[in-house]
Amino acid sequence: MHTQQGSDGGGREFHRVADELRTRMADGTYPLRSYLPSQRDLAEEFGVSRDTVQRVLRELAGEGWIESRQGSGSRVLKNQRIQSSTARAIRMRQRVTLGPLLSEAFEAPEVTLDVFTLTSETLDAHIRLQVERIRSGFIAPQRIGLRMILPAPDLVMPYPRVKDDPEDSRLSDRLHDITRRHTDSLRGLLRDLQTEGLVPSVEVEIRRSRLAPAHKLYVLNGVEVLLGPYEVIERPIELDSGEEVTALDVLGVGATLTHHVKDADPNSSGTVSVESWRSWFESVWTHLAEAPPSLR
């Protein structure tokens, strides 16, 4: 959810980030001659240190994927679209990351996203990349529908919290600020697409729940489900005041997700899982329609 300081798991985290960035450049998420997000944004998205991101960028530059210049960022030099056989292989993996599959979902004429998450930070980062693809003419969806369930703003959350002072509300306030900022960004990004005439129909609806999510859930175009638990970790967090506190936080950004795909067999495990999670989302969504306006 935020930048993870200190150790990033060594080579495992390095290869995870590098593989994901290669995939995004290959599938057009980061178009040719576009710029990658800043080192800070990448570190926040993947939950790793700036040092890990810098090592990944040096590796990608050495492989010819990007060109990095001081003060200008990292520009994509090599970009090969994922062909259908590769895309099918990605969909068949049981453990995946959000980026490539969200990119595929946005290639459909009608895009529907049902999301249950702690904050809208991860989705905001990925939607921003899809907006770039639409504006660059790589994809042209005719309708985008986003329904998202987030914790109620006055819900007392167990995490994040200051390790030695559970009554300290500063980390909780920080979490809600992050959620508001990225939710506003998401609304603006998607509605601008309709205002600019790039997507004829855009619908964004966000409802608030008194459930504190133990996992993040994405239902893509009604046929794929991505599900990932939040991991509780201990790490330092720097507050806006400059003070650093030891926090018990939940990490979800850049996480590997369990992947379920609906197919032609109504009794297959993938189809059953997709239908089960779709039904769960619909039941919660319908219940929240009766909630007070302040929670919507």
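This is a predicted model: local features need pLDDT of at least 70, side-chain atom pairs count only at pLDDT 80 or more; totals for chains, interfaces and linings use all residues.
In the hairpin of strands β1 and β2, G71 takes a positive phi near 85 degrees. There are 3 residues between the two strands.

- Strand β1 spans residues 66–69 and strand β2 spans residues 73–76; the two run antiparallel and are joined by 4 bridges.
- I66 has V76 in β2 as its bridge partner.

**Nonpolar cores**
- The largest nonpolar core contains 30 residues, and F106, L113, L123, I127 and L146 have the most contacts inside it.
- Two or more residues of this core come from each of α5 (98–105), β4 (110–116), α6, β5 (143–151), α7 (170–195), β7 (201–209) and β8 (215–220).
- Beyond its neighbours within four places in sequence, L113 is in contact with L102, F106, I127, G145, L146, R147, V219 and L220.
- Another core, of 20 residues, lies apart from this one, and its members include F14, Y30, A43 and F46.

**Aromatic rings**
- The whole structure holds 3 aromatic pairs.
- In one of them, F116 and W280, the ring centres are 5.3 Å apart and the planes stand at 55 degrees, so the pair is tilted.
- This pair connects distant parts of the chain, with F116 in strand β4 and W280 in helix α8 (residues 269–288), 164 residues apart.
- F116 is buried, at 2% relative accessibility, whereas W280 is partly exposed, at 26%.
- The rings of W277 and W280 have centres 5.8 Å apart and planes at 70 degrees; because the angle is over 60 degrees, the pair counts as edge-to-face.
- W277 and W280 are about one helical turn apart, because 3 residues separate them in helix α8.
- W277 is partly exposed, with a relative accessibility of 21%.
- F116, W277 and W280 form a cluster linked by ring pairs.

- Q130 is located in helix α6 (residues 121–135).
- Q130 counts as buried because its relative accessibility, 2%, is under 20%.
- H259 belongs to strand β12 (residues 257–261) and is buried, with a relative accessible area of 6%.
- The side chain of H259 makes a polar contact of 2.8 Å with the side chain of E224.
- H259 and G228 are 31 residues apart along the chain, and their C-alpha atoms are separated by 9.0 Å.

How values were computed: Residues are numbered from 1 along each chain as its sequence is written. Side-chain values use heavy atoms; hydrogens and water are left out. Buried means under 20% relative accessible area, exposed over 50%, partly exposed in between (1.4 Å probe, protein chains only). A polar contact is a pair of N or O atoms within 3.5 Å; within protein, one must be able to donate a hydrogen and the other to accept it, and residues adjacent in sequence count only if both atoms are side-chain atoms. Two strands pair if DSSP finds at least two bridges between them. A nonpolar core is a set of buried Ala, Val, Leu, Ile, Met, Phe, Trp, Tyr and Cys residues joined through side-chain atoms within 4.5 Å. Contact means heavy atoms within 4.5 Å. Rings of Phe, Tyr and Trp (its six-membered ring) pair if their centres lie within 6.5 Å; planes under 30 degrees apart count as stacked, over 60 as edge-to-face and the rest as tilted.
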